[in-house]
Amino acid sequence: MVERKLIYQIYPTAVGSLRDIADKIPQIAEYVQPDYIWLNPIFASPWIDGGYDVSDYKKIDPRFGNMNDFRHLIATAKKYNIGILLDLVMNHTSSEHEWFKKSERHDPKYKDYYVWLDRPINWKSIFGGPAFSYDETRGKYYLHLYDKAQPDLNFNNPRVIHEFREIIDFWKQYGVAGFRVDSANTLAEDALKSGILPRITGFFNYFQTEETVDILEKVLARKDIFTLAEPIGGQILGKSRFRQLTRKAFDAAFNVGTIDIADTFFSDRYHMKPVNYKRWLKYLASWSTEPKFSMALESHDTPRAPSRFQADPRVLAMLQLLLPSNYPCIYNGQEIGTKNPKLSNNIDDYPGVQSRMMYRTLRKEGKTKRQAMSAVRLASRDNARQPIDWGEYILQSKDEESTLRIYQKLIDLWRNDPVLVNGKLKVKKITKTGVFDFYRIFDGKTYKVHLDLSNKTVSYLENHEGQKLIRSR
Ligand code: NOJ
């Protein structure tokens with residue numbers, strides 16, 4: 001069923017331990033009023049990929065605390081009517097997970113938990129380099145769509161499906177409200193089963209097969225939880241695949257293509273180009289009316305939006321919350337307009353596997369150290385993973401005109417104003433300099449929205465009586 005829910009994403013190291021996160025909930029509740037807080041992975045992990053390499057799905061990583069701290073977090077959130085969503089990393093585990101350790105040793109129960117081949121094939125990993133690596137212990141090659149420390153699970157094995165149903169039940173007992181599913185549309189590699197291996201090397205080999213969608217429905221069905229998908233594929237995804245993915249298994253889903261289209265091409269991900277406002281805004285507007293689309297302008301995988309789109313964070317807030325947006329997702333720090341920090345010029349200082357991979361790729365392409373580092377600093381996801389400036393939060397809470405207070409007002413309207421809740425979208429004008437004029441129409445009332453991403457004119461929301469309900473300055 002399509003409802004409207006506001007999601008607030010917390011990348012734990014940007015805030016701290018589970019206790020630190022719980023301490024911030026009153027503030028987050030006051031200014032953002034989310035229905036859900038989605039936490040990026042907090043499970044035990046060697047942290048090769050910022051927590052997306054899980055070594056135990058039923059254990060909290062000690063860096064964030066323990067089960068008591070988790071209970072405390074759930075209880076605190078509940079007081080503010082906020083549900084906690086955990087991040088379910090289903091496509092792969094860490095190579096340190098005991099399932100993999102046993103699978104390597106050919107343990108009868110676990111030998112088919114992963115995708116093993118006698119001979120590697122030419123598939124490429126999403127993180128660059130080959131997607132199959134040799135495992136000395138087993139004497140075979142295993143699939144890893146991401147880093148080699150992230151072996152892919154074999155979802156053709158019903159036991160693996162069962163494990164995830166159990167993991168979900170385990171966390172439900174603690175009061176978890178739902179899950180965001182990582183890399184949701186890459187679970188089953190049907191091509192490997194047929195024996196006829198395609199010559200293509202990239203992600204089309206494993207991109208959202210019908211089997212993957214069925215598996216997700218099996219794992220998530222009848223669980224009475226809120227489910228949010230992170231499909232890969234960006235602009236290639238398209239609406240019919242989006243609807244296929246969300247037909248049963250998911251309440252809502254992202255499409256990173258709706259931001260990547262602004263400044264990158266899919267095949268050219270690490271070469272950020274000047275923002276193409278016209279192309280981006282047209283595409284975003286067309287996705288905004290998709291009922292289960294979760295609109296996000298930034299995340300733990302992107303640079304900060306005001307830096308990336310060279311725009312006033314208040315105008316970006318208006319874009320996200322005044323277009324039809326049933327499941328907006330606000331990334332921690334976005335509500336105070338956080339910009340990219342000044343990241344180091346030395347690649348060794350970057351924790352993220354993606355930043356290092358990007359550097360290697362650019363160097364291989366012949367870019368100088370300087371050129372490669374300037375691209376990394378611009379596009380690295382480490383930009384978004386820095387500690388939040390809570391001092392700034394307090395300052396902005398006292399200033400009526402601040403980004404934080406604009407978010408607060410916009411969210412009130414998003415929740416309560418019938419025209420913004422139900423209004424049909426009518427686009428009037430989109431220009432290449434980032435002027436975006438549109439109407440929201442409901443019950444004989446027309447609201448007018450004027451946004452100017454280049455900030456040459458004041459952006460505003462005007463109601464049917466000509467009153468300006470929100471202004472960017
Ligand atoms: C998507 C996550 O958002 C990203 O951070 C991670 O590296 C990959 N999936 C692999 O799990």
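The chain has 17 helices and 17 strands. These are DSSP runs numbered from the N terminus, with helices being H or I of at least four residues and strands being E of at least two. This is a predicted model, in which local features need pLDDT of at least 70, side-chain atom pairs count only at pLDDT 80 or more, and totals for chains, interfaces and linings use all residues. Residue numbers start from 1 along each chain as its sequence is written.

Overall dimensions next. A compact globule of 473 residues would have a radius of gyration near 23 Å, and the chain, at 22 Å, agrees with that. That radius is taken over C-alpha atoms, and the globule rule is 2.2 Å times the number of residues to the power 0.38. Of the 473 residues, 48% are buried, meaning that 20 or more other C-beta atoms, placed from the backbone, lie within 10 Å of the residue's own.

Three strands form an open sheet in the order β6-β8-β7, paired antiparallel; pairing requires at least two DSSP bridges between two strands. The edges are β6 (116-117) and β7 (132-135), each pairing on one side only. Strand β8, residues 140-143, is joined to β6 by two bridges, and Leu117 has Tyr141 in β8 as its bridge partner.

Last, the ligand. Which residues are around the ligand? They are Asp49, Gly50, Tyr52, Val89, Tyr146, Asp182, Ser183, Glu230, His300 and Asp301, each with its C-beta atom, placed from the backbone, within 6 Å of the ligand. By class, this shell holds four charged, three polar and three nonpolar residues. Tyr counts as nonpolar here, and Gly as polar.

Note on methods:
A residue is buried if 20 or more other C-beta atoms lie within 10 Å of its own, exposed if 12 or fewer, and partly exposed in between; C-beta atoms are placed from the backbone.
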